[in-house]
Amino acid sequence: MQAPLSLAEVSSAHRENANAFAALTFAPREVPSATERFDFGQWKHDCSHPVIFKGVVSDWPLTQSLAGCADDRARLHYLARAFGRNTVEYTQVPRRDPFMGYDEHGRQNFEYALAKCTLSDFCERLRAYQDDPQADVLYARGGANALRSWTDFANSTRPLSMLRGLKAHGEGIWLGSGLHTTYLHQDAHFNFFAMVAGSKRVILYPLEAIADLYPTPFFGGVAGTTSSFVRPVTPDYGRFPRFRYAAKQSWVAVLEPGDLLCIPPCWWHHVEAARGLNLMINAFAWALEPRLEYQFEVAMRKSIAIALTLNAAELSDVRERLYATSDVRVHGNVDLSQQARILLRTLARFMKPAIPGYWQKIARCYYDHYIFQINGEPVAAHPERHAAWARSEAAAKQRLRHWLRFRRALLQMRYRYVRAHGLIP
Ligand SMILES: O=C(O)CCC(=O)C(=O)O
């Protein structure tokens with residue numbers, strides 16, 4: 001039997017492809033790599049910045065097998081032979097601009113899962129891509145390819161004991177031909193990002209940078225995320241002048257096979273793949289109890305609509321009381337209008353001591369941006385969209401759709417849990 005490859009051998013296995021990232025016009029802080037003394041239990045409580053665990057998934061059978069292949073052609077052959085019968089959903093974007101996000105009018109410029117086929121056929125298409133320098137970029141995105149649905153594939157990974165105690169929201173397989181870019185966005189959950197093959201660069205910002213990132217409406221971007229209209233690597237400062245100020249809050253991580261990037265909930269991230277095949281598996285974990293996280297989303301939608309009916313003085317009054325001590329909050333709000341009182345009560349729910357500190361911070365940041373509008377227009381790149389979004393979200397049909405989506409996510413995860421293991425034990 002062959003000896004397992006060392007961490008250095010795994011992480012350098014695809015090096016021939018990995019020097020392909022464009023220089024940045026700003027100087028982000030580097031995401032630190034965890035040392036042996038790093039207290040991950042504490043990180044889950046304060047999660048004040050992202051962190052990389054080097055080589056944590058380098059001993060997975062999948063990572064080892066791919067690192068042991070001579071080149072991408074051999075890796076595709078291996079994937080097709082070992083797991084070829086699984087169904088892959090994928091998208092396709094032009095090679096000359098393989099950016100998946102928004103066009104210059106702020107419209108989504110790609111379809112999340114445009115087509116589907118077997119993994120074996122997908123590998124065939126990826127092989128053809130390698131032979132043709134003009135071919136479109138292909139990318140199977142994790143939201144459409146659930147790890148626990150590909151049971152044989154899941155068996156070639158290992159649950160990560162460090163993630164014990166977290167609750168999986170979804171675990172996705174991301175497989176691409178190389179060179180794609182994923183729009184800047186944030187997810188409401190913890191995101192654990194395990195690089196299995198190839199290399200990616202991730203640019204990150206804390207949620208607090210929101211004012212300078214030209215966001216979409218709240219949870220109103222691609223795939224239900226809050227997204228940004230800016231392309232961080234080639235920003236158009238004419239359209240997005242405030243983006244310059246985001247630089248001082250930027251972070252960067254370059255991931256190689258075997259690495260695990262841990263992204264705190266609601267941190268913005270923008271992902272670029274290097275040239276060559278890339279395979280990443282990620283796990284989203286609920287950052288609050290699922291029901292509470294859903295209730296936060298509902299509370300935000302309701303509060304944004306109420307806030308649009310209040311004047312600036314009323315909003316400022318509500319804000320002051322909200323962030324004052326809880327005594328002030330509970331007593332003596334009789335002078336507020338009924339709507340203002342409802343708003344105060346709804347928002348105060350997520351500022352209580354029972355809510356984890358990181359989520360209270362998230363709540364405050366969202367409140368300030370989308371409800372109290374202390375940064376100006378919440379959707380500065382397309383101001384009309386904020387109120388239009390609030391109107392459409394108020395429709396009963398839309399509310400029902402969100403509720404069904406939440407129920408479906410819970411049921412799917414429960415069902416997948418019994419089928420196969422994932423990254424979260
Ligand atoms: O790796 C990518 O291209 C995107 C990953 C992503 O969007 C995510 O994990 O939220």
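Guide: What follows is a set of questions and answers about this predicted model.

Visitor: Why is histidine 270 called buried?

Guide: Count its C-beta neighbours. Histidine 270 has 24 of them inside 10 Å. The label buried needs 20 or more. So histidine 270 counts as buried.

Visitor: Where does histidine 270 sit, and what does it touch?

Guide: Histidine 270 is part of strand S14. Leaving out residues up to four places away in sequence, histidine 270 touches Thr182, Tyr183, Leu184, Ile203 and Pro232.

Visitor: How do you know how far histidine 270 and leucine 184 are apart in sequence and in space?

Guide: Use the numbering and the C-alpha atoms. The two residues are 86 places apart in sequence. In space, C-alpha to C-alpha, histidine 270 and leucine 184 are 4.2 Å apart.

Visitor: Which distances go with proline 257 and threonine 225?

Guide: Those two are 32 residues apart in sequence and 27 Å apart in space, again C-alpha to C-alpha.

Visitor: Is proline 257 buried or exposed?

Guide: Proline 257 has 31 C-beta neighbours inside 10 Å. The cut-off for buried is 20 or more. Proline 257 is therefore buried. Its place is the loop between strand S12 (251-255) and S13.

Visitor: What makes arginine 73 partly exposed?

Guide: Arginine 73 has 15 C-beta neighbours inside 10 Å. Buried takes 20 or more, and exposed takes 12 or fewer.

Visitor: Which element holds arginine 73, and which residues does it touch?

Guide: Arginine 73 belongs to helix H4 (residues 72-83). Residues up to four places away in sequence are not counted, and arginine 73 then touches Arg127 and Gln130. Arginine 85 is 12 residues away from arginine 73 in sequence and 18 Å away in space, C-alpha to C-alpha.

Visitor: What is there to say about the phi of leucine 179?

Guide: Leucine 179 has a positive phi, about 75°, although it is not a glycine. Find it in the loop between strand S7 (168-178) and strand S8 (181-186). Leucine 179 has 18 other C-beta atoms within 10 Å, so it is partly exposed.

Visitor: And what about the phi of cysteine 266?

Guide: Cysteine 266 is not a glycine either, and its phi is positive at about 70°. The loop between strand S13 (260-263) and strand S14 (268-273) holds cysteine 266. Its count is 25 other C-beta atoms within 10 Å. Buried needs 20 or more, so cysteine 266 is buried.

Visitor: Which residues surround the ligand?

Guide: They are Trp174, Thr182, Asp187, Asn191, Phe193, Lys200, Val271, Met280 and Asn282. Strand S9 (190-197) and strand S15 (275-285) are the elements that give two or more residues to this shell. By class, the shell has four nonpolar, three polar and two charged residues.

Visitor: How do H8 and H12 pack, and what is the hand of their crossing?

Guide: Helix H8 (residues 290-307) and helix H12 (residues 357-371) pack at about 35°. Their axes lie 10 Å apart. The crossing of H8 and H12 is right-handed. H8 brings Met300, Ser303, Ile304 and Ala307 to meet Tyr366, Tyr370 and Ile371 of H12. That contact has six nonpolar residues, one polar and no charged.

Visitor: What are the angle and axis distance for H9 and H11?

Guide: Helix H9 (residues 312-323) and helix H11 (residues 338-348) pack at about 35°, with axes 10 Å apart. The crossing of H9 and H11 is right-handed. H9 gives Glu314, Asp317, Val318, Arg321 and Leu322 to the contact, and H11 gives Ala340, Leu343, Leu344, Leu347 and Ala348. By class, there are seven nonpolar, no polar and three charged residues.

Visitor: Which domains does the chain have, and how far apart are their centres?

Guide: The domain assignment gives domain 1 (7-287) and domain 2 (290-394). Their C-alpha centres lie 32 Å apart.

Visitor: How many residues of each domain are in contact?

Guide: In domain 1 there are 24, in contact with 21 residues of domain 2. The side of domain 1 that touches domain 2 has 17 nonpolar, three polar and four charged residues.

Methods: Residues numbered from 1 in each chain as written. Predicted model: local features only at pLDDT ≥ 70, side-chain atom pairs only at ≥ 80, totals over all residues. Near = placed C-beta within 6 Å. Helix = DSSP H or I, 4+ residues; strand = E, 2+ residues; numbered from the N terminus. Nonpolar A, V, L, I, M, F, W, Y, C, P; charged D, E, K, R; others polar. Domains from an automatic or database assignment. Contact = placed C-beta atoms within 7 Å. Axes fitted to C-alpha atoms, helices over the stretch in contact; angles between N-to-C directions. Left-handed = near helix turned anticlockwise from the far one by under 90°.
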